[in-house]
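User: I've got a model open and I'd like to learn how to read it. Can you walk me through a few features?

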Amino acid sequence: MSASPTMNASVAKSLLSVKNVTMKFGGLVANDDISFEVAEGSIHAVIGPNGAGKTTLFNVISGFFPPTSGAVEFDSQPITGLPQHAIAQAGLVRTYQLVQLFKDLTVAENVRVGFHRVTKGGIAAALFRPGWAKAQEADLTRRTAELLNFVGLTAQAEMKAEVLPYGQQRLLEVARALAAEPKLLLLDEPAAGLNVQETDQLAATIEKLSARGVTVLLVEHDMSLVMRVARRISVIDFGRKIAEGTPAEIKTNPDVLAAYLGGTETDA
Amino acid sequence: MTSPSITSTRSLLRTLAPVAVVLTVMGIALMSSGYVVTVIGFAAIYGIFCTGLNFFMGYTGQASFGQNAFACLGGYGSAILCGGLYWDPLPAFFVSMAFSGIVAAIIGYPTLKLRGHYLAMATFALGLITYEISIEWVSLTQGYMGYSGIPPLGVGKFELVSEKHQLIALTVILLVGIWISTRLRDSRFGRALRAIAGSEPAAQALGVNVARYKLLAFVIAALYASAAGSLFAHFIGFISPEVFGGAMVVQSFTMLYLGGIGTTWGPAIGALIVSMLPEFLRGLKEMQDIAYAIILVSILIFAPRGVFALIGGWFRPKAKEGDAP
């Protein structure tokens with residue numbers, strides 16, 4: 001199913017533009033002048049050895065901290081320096097490397113929280129429950145069931161999120177993020193800690209949600225996952241972007257091979 | 001899988017059982033002597049206070065050691081407006097509440113940027129400052145002497161003179177307070193609060209304005225606290241700084257954790273238990289403090305999520321189990 005997107009990538013409009021982003025922590029340069037574009041509808045991966053600065057880049061994009069210099073544009077709007085929730089409100093939704101579930105809530109409730117961005121209603125609506133609020137809640141019940149079905153967690157809907165095995169927690173996190181109807185979904189090492197089967201299931205899910213029209217940007221370590229799902233890959237090493245291209249191009253890129261297969265890697 | 005009808009019967013039981021418990025206790029109190037009425041009245045007032053505190057500490061998962069400050073504002077607000085300026089209790093009640101809410105918003109805005117222990121310390125200081133002010137600002141509060149001559153609750157010329165009538169009013173207000181808490185918990189608003197308790201970064205990543213929701217929870221807790229303070233003033237007719245001192249914090253925490261923090265009925269149930277327990281143990285004479293401590297510790301061991309969560313579990317469908325201690 002992912003045979004032709006190579007051509008599309010250059011034609012489609014860019015949903016996310018990272019422009020010359022530099023992030024310094026004191027003397028440490030975690031991101032050094034990184035630029036790339038994520039095309040609408042694409043599955044874009046950022047890869048690199050440990051400590052290359054991938055997660056920092058993710059945190060800059062999602063607004064966890066503003067970059068030292070450079071800019072991030074999302075959907076043609078500058079988002080640099082906006083608070084995280086505002087960036088999420090704009091449609092850029094992220095997951096975390098360490099699963100961040102609402103443990104005391106049930107699986108279904110976790111997904112319901114995900115709808116926060118695309119629903120409305122405050123204290124008054126909660127108290128007086130006008131018709132539209134009731135209709136909205138009923139609609140959420142239906143859509144929650146649909147999303148749980150999408151990631152294969154229907155049977156677990158009423159369980160507390162904390163009792164799920166790790167792989168299912170990851171899937172729940174994806175389902176919850178999808179509830180927010182993101183234009184761009186940022187997945188931070190989604191395969192970390194998953195076994196082969198779970199990674200397979202995750203890859204299938206990523207492909208399915210791309211088919212639903214969600215643009216995906218993922219930071220990942222697991223090469224098999226990246227090579228399977230990504231349409232375009234940016235490689236960073238020591239905080240710098242060293243290559244970008246299709247999976248086939250990246251596989252044969254000498255710089256990438258050097259970064260991964262040795263050379264002078266001393267970082268943690 | 002449980003069939004929907006059984007589930008709804010169970011959820012109906014879950015809703016009605018605590019109402020029945022509260023009404024039974026109040027009913028017994030109404031048929032008893034004045035002293036029992038006073039004890040249960042206290043329990044209802046604390047129930048209101050804790051139900052509010054639960055918004056901030058339970059649903060939202062933040063720590064506040066200073067909510068007594070807002071009870072103090074409510075209590076003195078009602079005392080001064082009614083006892084000193086001869087206002088009607090009702091407008092005094094709402095004006096004090098609005099004032100507490102505004103103070104909570106102003107203080108909460110910078111303070112709630114703190115987290116964990118730092119937030120606990122800051123809110124604790126808030127309680128201490130209010131306590132000091134209530135002692136030192138003698139011209140307004142009459143200092144250590146306290147404020148007496150506060151009229152009972154009432155509307156216009158109609159006063160609830162007898163304690164039993166007041167207890168009925170307190171019960172109604174408590175039930176309304178719990179009803180609001182239940183409605184808010186199970187909504188977009190309540191889910192946002194509980195998401196913050198679960199994981200702030202995740203809530204933020206889903207577009208929840210964490211700072212704003214924390215502040216709202218803090219203000220709601222302050223409104224409840226203020227209401228509880230006002231009701232105390234009217235119920236007893238006298239307040240002093242000690243009433244809203246640090247002991248109130250300890251007492252309300254015990255109630256909250258014992259009853260079930262983060263649950264809808266837990267705070268009120270906890271308030272009832274903690275208020276009534278010493279009375280049941282009175283016969284034990286000098287052993288009563290020991291017995292009290294043993295009972296509290298046992299409840300926390302065998303029902304770590306509180307009495308209400310324990311009982312609630314009995315009515316819940318099996319699939320939901322998994323409350324590992």
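User: Where in chain B does pLDDT stay under 50?

Analyst: This is a predicted model, and pLDDT is the predictor's own confidence in each residue. In chain B, the stretch to flag is residues 318–325, where the score stays under 50. The model has 11 contacts beyond four places in sequence for that stretch.

User: And what does chain B average?

Analyst: Chain B comes out at a mean pLDDT of 85, with 93% of the residues scoring at least 70.

User: OK, on to helix packing. At what angle do helix 2 and helix 12 of chain B cross?

Analyst: Start with the axes, then look at the residues. Helix 2 (residues 34–59) and helix 12 (residues 266–280) of chain B have axes that come within 7 Å and cross at roughly 145°. The crossing is right-handed. On the helix 2 side, the residues that meet helix 12 include B:Tyr35, B:Ala43 and B:Cys50; their partners in helix 12 include B:Pro267, B:Leu272 and B:Met276. By class, that contact has 11 nonpolar, 4 polar and 1 charged residues.

User: How much area do chain A and chain B bury between them?

Analyst: About 3,000 Å², with 57% of it on carbon and sulfur atoms. A:His85, A:His116 and A:Leu127 supply 21% of what chain A buries against chain B, more than any other three residues. As for residue counts, 39 residues of chain A touch 32 of chain B.

User: How many salt bridges are there between chain A and chain B?

Analyst: There are 4. One pair to click on is B:Arg194 with A:Glu109, whose side chains form a salt bridge at 3.4 Å, N to O.

Key: Residues are numbered from 1 along each chain as its sequence is written. Chains are lettered from A and ligands numbered from 1 in the order in which they are written. This is a predicted model: local features need pLDDT of at least 70, side-chain atom pairs count only at pLDDT 80 or more; totals for chains, interfaces and linings use all residues. Side-chain values use heavy atoms; hydrogens and water are left out. Axes are lines fitted to C-alpha atoms, for helices over the stretch in contact, and angles run from 0 to 180 degrees between N-to-C directions. Helices (H or I, at least four residues) and strands (E, at least two) are DSSP runs, numbered from the N terminus. A crossing is left-handed if the near helix is turned anticlockwise from the far one by less than a right angle, and right-handed if clockwise. Contact means heavy atoms within 4.5 Å. Ala, Val, Leu, Ile, Met, Phe, Trp, Tyr, Cys and Pro count as nonpolar, Asp, Glu, Lys and Arg as charged, and the others, Gly among them, as polar. pLDDT is the predictor's confidence in each residue, from 0 to 100. Buried area is the accessible area (1.4 Å probe) that two parts lose on being put together, summed over both.
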